[in-house]
Amino acid sequence: TEHVGHIGCGITKPDGDVEFDARNVTPGIGSDHAVDVAIVGDRLYTDMRMGRRAGLTTILVLSGETKQHDLAGAKDKPDYVFPSVRELAQELNRDP
């Protein structure tokens, strides 16, 4: 596919080859030593939908396309919502 003078790969989210089953690419998924895998994105209809289909934890950041008011009627609701990746990073770095 050609886009604005660039040759693209033709893969789109949430459809296409970019989707995957996390159990096939991440060691430990489904075992006693499971690894936590998440997708972080700013779009409900692509990033969150793809994460759900792949069986991943979904994390929405509101610093991009999706805004808080978009969540009310959303079909693909995320598991977690953060204002931006900064707050997500702060949460991940917080002592348990």
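Biologist: What is the mean pLDDT of the protein chain, and where is confidence lowest and highest?

Modeller: The term pLDDT is the predictor's confidence in each residue, from 0 to 100. Here the mean is 76, and 64% of the residues reach 70 or more. Confidence is lowest in strand 1 (residues 2-3), at a mean of 43, and highest in strand 5, at 96. Over residues 1-6 the pLDDT is below 50, and this stretch has five contacts in the model beyond near neighbours in sequence; contact means heavy atoms within 4.5 Å. Where pLDDT is low, the predicted coordinates should not be read in detail. In this predicted model, local features need pLDDT of at least 70 and side-chain atom pairs count only at pLDDT 80 or more, while totals for chains, interfaces and linings use all residues. Residues are numbered from 1 along each chain as its sequence is written, and side-chain values use heavy atoms, with hydrogens and water left out.

Biologist: How many helices and strands are there, and in what order do the elements run?

Modeller: Helices (H or I, at least four residues) and strands (E, at least two) are DSSP runs, numbered from the N terminus. The protein chain has three helices and five strands, and from the N terminus on the order is β-β-α-β-α-β-β-α.

Biologist: Which strands form the sheet, and is the pairing parallel or antiparallel?

Modeller: Strands of a sheet pair through backbone hydrogen bonds, either parallel or antiparallel. Two strands are taken to pair if DSSP finds at least two bridges between them. In this model, three strands form an open sheet in the order 3-4-5, with parallel pairing. Strand 3 (38-41) and strand 5 (80-82) are the edge strands, each pairing on one side only. Neighbouring strands of the sheet are turned by 20 degrees against each other on average, direction ignored. Such angles run from 0 to 180 degrees between N-to-C directions, and the axes are lines fitted to C-alpha atoms, for helices over the stretch in contact.

Biologist: How many bridges join strand 3 to strand 4, and which residue is the partner of Gly41?

Modeller: Four bridges join strand 3 to strand 4 (residues 57-61). The bridge partner of Gly41 is Leu60, and Val40 stands opposite Ile59. Helix 3 (residues 85-93) lies across strand 3, strand 4 and strand 5, and runs at about 120 degrees to strand 5.

Biologist: Which residues of helix 2 are buried?

Modeller: Buried means under 20% relative accessible area, exposed over 50%, and partly exposed in between (1.4 Å probe, protein chains only). An α-helix has 3.6 residues a turn, so residues three or four places apart point the same way. In helix 2, the buried residues are Leu44, Thr46, Asp47, Met48, Met50, Gly51 and Ala54. Just after helix 2, Gly55 takes a positive phi of about 80 degrees. For the protein chain, buried residues make up 27% of the 96 residues.

Biologist: Is Thr66 buried or exposed, and which backbone atoms does the side chain of Thr66 reach?

Modeller: A polar contact is a pair of N or O atoms within 3.5 Å; within protein, one must be able to donate a hydrogen and the other to accept it, and residues adjacent in sequence count only if both atoms are side-chain atoms. Thr66 lies in the loop between strand 4 and strand 5 and is buried, with a relative accessible area of 4%. The side chain of Thr66 reaches the backbone oxygen of Asp42 at 2.8 Å and the backbone nitrogen of Leu44 at 3.4 Å.

Biologist: Where is Arg43, and how far apart are Arg43 and Glu65?

Modeller: Arg43 is found in the loop between strand 3 and helix 2 (44-54), and is partly exposed at a relative accessible area of 33%. Arg43 and Glu65 are 22 residues apart in sequence, yet 6.0 Å apart in space, C-alpha to C-alpha. Leaving aside neighbours within four places in sequence, Arg43 is in contact with Met48, Leu60, Glu65 and Thr66.

Biologist: Which side chain has a polar contact with that of Asp76?

Modeller: The side chains of Asp76 and Arg49 are joined by a polar contact of 2.7 Å. Asp76 lies in the loop between strand 4 and strand 5 and is buried, with a relative accessible area of 12%.
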